[in-house]
Amino acid sequence: MLFKSKEIKAKEVISKGIVAGLIQAAFIILVCLFVLSAGAIFPANSPFVILGLVALLILLVISVAVSAVIIFAIPAYLFFQKKYKEALSYIGSALIVLLLIFVVFVSLALIF
């Protein structure tokens, strides 16, 4: 079960949203690390550069699917349970966490 009782507490929904935002940020960092190292796996001067492009596009599709599950699975469940406020709280808290992490990364990039 996603939630322990039929009554869903706002604090529980927000905390699950925060965790989803953190998981999403970690997933984004892993994908970025792979893309950065892909240059060594698929060099640009290779005659098989198309393989690197295909692999990158496949990674993009998989990444979008995983991200959709992380961010939208529980809100979709809550939405179909007619718990619209909880669904929006979950998505809102996840997106706020991602926005804060984005601001931290941009700030660090501007400082260094």
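**View 1. The largest nonpolar core draws on 12 residues.** They are Ile-8, Val-13, Ala-20, Ala-25, Ile-70, Ile-71, Ile-74, Leu-78, Ala-87, Tyr-90, Ala-94 and Leu-98. A nonpolar core here is a set of buried Ala, Val, Leu, Ile, Met, Phe, Trp, Tyr and Cys residues joined through side-chain atoms within 4.5 Å. Buried means under 20% relative accessible area, exposed over 50%, and partly exposed in between (1.4 Å probe, protein chains only). Two or more residues of this core come from each of helix H1 (10–41), helix H2 (49–80) and helix H3 (84–111). Helices (H or I, at least four residues) and strands (E, at least two) are DSSP runs, numbered from the N terminus. In soluble globular proteins, nonpolar side chains tend to be buried together.

A word on the model itself: it is predicted, with local features needing pLDDT of at least 70, side-chain atom pairs counting only at pLDDT 80 or more, and totals for chains, interfaces and linings using all residues. Residues are numbered from 1 along each chain as its sequence is written, and side-chain values use heavy atoms, with hydrogens and water left out. The protein chain averages a pLDDT (the predictor's confidence in each residue, from 0 to 100) of 92, and 96% of the residues score at least 70.

**View 2. Helix H3 packs its buried residues against H1 and H2.** Look for Ala-87, Tyr-90, Ile-91, Ser-93, Ala-94, Val-97 and Leu-98, the buried residues of H3. Leaving aside neighbours within four places in sequence, Leu-98 is in contact (heavy atoms within 4.5 Å) with Gly-21, Gln-24, Ala-25 and Ile-71. H3 has 28 residues and reaches 40 Å from its first C-alpha to its last, close to the 40 Å expected at 1.5 Å a residue; the expected span is 1.5 Å times one less than the number of residues.

View 3. Among the buried residues of H1 are Gly-17, Gly-21, Gln-24 and Phe-27. H1 has 32 residues and spans 46 Å from first C-alpha to last, close to the 46 Å expected.

**View 4. Helix H2 bends by about 50° at Phe-72.** The bend is the angle between axes fitted to the seven residues ending there and the seven starting there. A proline, Pro-75, follows within four residues, and Pro-75 is buried. Ser-67 also lies in H2, and it counts as buried because its relative accessible area is 16%. Beyond its neighbours within four places in sequence, Ser-67 is in contact with Gln-24, Phe-27 and Phe-72.

**View 5. Phe-79, Phe-80 and Tyr-84 form one aromatic cluster.** A search of the whole structure finds two aromatic pairs. Phe-79 and Phe-80 make an edge-to-face pair, 5.7 Å centre to centre with 75° between the planes. Rings of Phe, Tyr and Trp (its six-membered ring) pair if their centres lie within 6.5 Å; planes under 30 degrees apart count as stacked, over 60 as edge-to-face and the rest as tilted. Phe-79 is partly exposed, with a relative accessible area of 44%, while Phe-80 is exposed at 66%. Just after H2, Lys-82 takes a positive phi of about 65°.
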